[in-house]
Amino acid sequence: MNILENNINFLERFYSRSENFIQYNEMGMTITEKILARASNKKSVTPDDVVIANIDKVMVHDVSGPGVIKVFSEWEKKGINLDQIWDSDRVWISEDHFVPASDRISANNITLLTNWSKKYNIRKHFKYGLGQYGICHTLSHEEGLVLPGEIYVGGDSHTNTTGAMGALAVGLGHTDIAYVLMNGKIWFKVPETIRFIINGDKPEYIMAKDIILKIIGDIGTDGANYKAMQFTGETVDKLSMEERLTLTNMSTEAGAKNGIIEPDDITFEYLKTRTDKEFIPVKGDFDASFSNTFTYDIETIDPVIAKPYSPENICAVGDLEGKIIDKAYIGSCTGAKLEDLRMTAKILKGKQVKIRTEVVPAAQSIYLKAINEGLISIFLEAGAVVGPPTCGACCGAHMGVLAKDEICISTTNRNFPGRMGHVESQTYLASPLVVAAAAINGKITDPRNEM
Amino acid sequence: MNILRGRIHKYNKDNIDTDVIIPGPYLKIHDHKELGKHAMEGLDPNFSEKICEGDFLLTGKNFGCGSSREHAPIALHEVGIRAILSPSFARIFYRNAVDGGYLLPIEIDPASIEKISDKDEIEIDLDTNTVTNTTSGEKFNIKPFPEIISKIVKAGGLLYYKG
């Protein structure tokens with residue numbers, strides 16, 4: 001980059017900031033640091049500061065919800081008054097992991113959650129079989145529940161997903177969520193930010209999944225432990241909202257506290273049809289500092305696959321060309337958004353699947369859009385089974401879990417031992433294009449051969 | 001007073017993830033005793049039978065990576081584990097272990113893993129931030145807790161921490 005380009009970039013960023021965004025007296029903060037500073041009523045924060053941040057939104061689901069209820073019951077035994085929570089309008093609940101109820105225990109959990117949300121007057125409870133419902137992380141963006149500049153905590157590790165909306169989205173456990181529900185705030189250590197600049201025109205055979213798997217392969221599953229991963233660059237600027245969400249979703253797989261993308265016109269356009277709530281977007285300062293910067297040229301990236309048993313265990317799809325697979329799974333918060341289903345349909349259209357293939361849209365609204373666009377007919381005509389929205393087999397819960405020695409190729413985000421079923425099953429992680437190409441060939445296939 | 005004594009169970013493997021600590025199908029269970037029976041099932045099906053109250057784990061780096069399931073530290077606590085020694089912990093596991101008051105995540109130098117064998121008895125001194133292997137006599141330093149973690153640990157969990 002020459003000096004002139006540097007200056008132009010500087011001026012562009014300066015003016016966009018001064019016209020459109022909140023002003024701070026202190027400079028040099030990333031978007032993550034700025035959101036934490038605002039939420040903790042500080043002018044500025046720096047990495048490693050410990051702050052008490054006021055929380056904007058909270059989510060629990062049918063696994064973390066009953067966990068929080070259990071914490072509440074323990075605290076009540078200790079004499080703590082839990083007649084009401086801090087702000088029921090800032091809380092929302094999804095039923096996603098074990099739904100439709102997979103057995104008596106999960107059915108009881110759903111009932112427990114229903115009674116609990118009634119008791120605390122939590123009106124945003126997305127129930128299966130009662131209108132919109134789906135995977136919590138998908139609802140967070142599909143329903144415009146979390147807005148740019150907000151701090152959002154969820155009782156699930158993939159809460160990071162929602163950082164693509166320009167929010168600070170962090171996954172927490174049951175005790176921490178219970179604490180937030182009581183107090184509306186919680187401690188955070190301000191993370192260092194690692195910046196990932198992705199440049200170049202994205203080829204049609206490459207998806208965000210390839211980019212994030214490549215990054216995890218490079219930095220490892222603890223490469224961003226306790227840190228923020230910020231995605232930027234000309235490729236990211238042009239990526240759709242749903243594709244951006246794939247990047248932030250899998251920041252979790254590198255151990256990151258949060259994944260984040262600065263909000264822009266694509267973010268605002270996406271939200272326009274989903275919420276009329278006002279928000280104050282936040283962007284990082286031009287002189288923000290990053291603990292590390294990685295730069296990628298997307299035009300040189302090949303379709304990527306993560307072999308068992310770690311998302312960091314990657315290689316080019318071509319290196320595994322011809323490997324026999326037993327099952328293809330298109331599902332989860334990272335791999336069954338509308339665009340993921342469109343890409344799957346692109347490959348499956350007019351073809352027959354050669355191996356067991358399961359498609360599980362991430363939310364009811366996405367399922368309906370997929371029907372209206374004719375995608376579901378393409379899947380069914382190709383011979384795939386289409387299931388109701390659920391986390392399902394991604395977390396080994398139900399609906400298509402894997403047998404001993406069964407080999408699955410999946411659009412999901414984890415492939416640890418036993419993640420999708422038997423501890424000796426195997427999961428290969430890849431983009432919807434790669435998974436669909438494997439589905440129609442019964443073996444790992446470079447999607448370029450099918451496009 | 002801040003000395004913990006116990007026996008080590010050594011699993012010298014990096015990236016022991018939450019899916020092996022407590023596999024997905026048990027996520028719907030919220031009875032702590034029941035969760036304890038399945039602790040580490042994905043790595044060692046006989047784990048819960050080997051552990052006595054007050055024992056410690058010694059593991060490779062990035063222990064607890066993966067999910068936010070609090071079931072993971074709960075299951076380990078329930079079976080008797082009171083501290084885990086590892087070169088590093090995944091952030092949500094670390095936070096859950098401390099904020100829930102279940103067990104102590106003790107960060108050690110990777111080279112220290114070789115200074116302890118399976119079934120060794122050790123002492124963890126949180127005042128001097130040292131570990132003494134009472135079986136071999138060897139001694140090494142541990143990473144001190146950051147201030148906030150130290151306070152939450154002393155309080156017995158986030159609920160009792162008053163700033």
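Visitor: Is the crossing of α7(A) and α9(A) left-handed or right-handed?
Guide: Happy to start there, with the reminder that this is a predicted model. Helix α7 of chain A spans residues 208–219, and helix α9 of chain A spans residues 241–249. Their crossing is right-handed.

Visitor: Are α7(A) and α9(A) roughly parallel or roughly antiparallel?
Guide: The axes of the two helices lie 8 Å apart, and the packing angle is about 20°. Angles under 35 degrees count as roughly parallel. That angle therefore makes α7(A) and α9(A) roughly parallel.

Visitor: Which residues of α9(A) meet α7(A), and how many residues of the contact are nonpolar?
Guide: From α7(A) come A:Ala208, A:Lys209, A:Ile211 and A:Ile212, and they meet A:Glu243, A:Arg244, A:Thr246 and A:Leu247 of α9(A). By class, the contact has three charged residues, one polar and, to end on your number, four nonpolar.

Visitor: Which helix gives the most to the side of domain 1 of chain A that touches domain 2 of chain A?
Guide: In the domain assignment, domain 1 of chain A covers 26–301 and domain 2 covers 308–450. Domain 1 brings 34 residues to their contact and domain 2 brings 32. On the domain 1 side, α5, α7 and α9 of chain A each supply at least two residues. The most, six residues, come from α7(A).

Visitor: Which element of chain B gives the largest share of the side that touches chain A?
Guide: Here 31 residues of chain B are in contact with 38 residues of chain A. The elements of chain B that give two or more residues to this side are α1 (18–21) and α5 (91–99). With five residues, the largest share comes from α5(B).

Notes. Residues are numbered from 1 along each chain as its sequence is written. Chains are lettered from A and ligands numbered from 1 in the order in which they are written. This is a predicted model: local features need pLDDT of at least 70, side-chain atom pairs count only at pLDDT 80 or more; totals for chains, interfaces and linings use all residues. Axes are lines fitted to C-alpha atoms, for helices over the stretch in contact, and angles run from 0 to 180 degrees between N-to-C directions. Helices (H or I, at least four residues) and strands (E, at least two) are DSSP runs, numbered from the N terminus. Angles under 35 degrees count as roughly parallel, over 145 as roughly antiparallel, 65 to 115 as roughly perpendicular and the rest as oblique. A crossing is left-handed if the near helix is turned anticlockwise from the far one by less than a right angle, and right-handed if clockwise. Two residues are in contact if their C-beta atoms, placed from the backbone, lie within 7 Å. Ala, Val, Leu, Ile, Met, Phe, Trp, Tyr, Cys and Pro count as nonpolar, Asp, Glu, Lys and Arg as charged, and the others, Gly among them, as polar. Domain bounds come from an automatic or database domain assignment.
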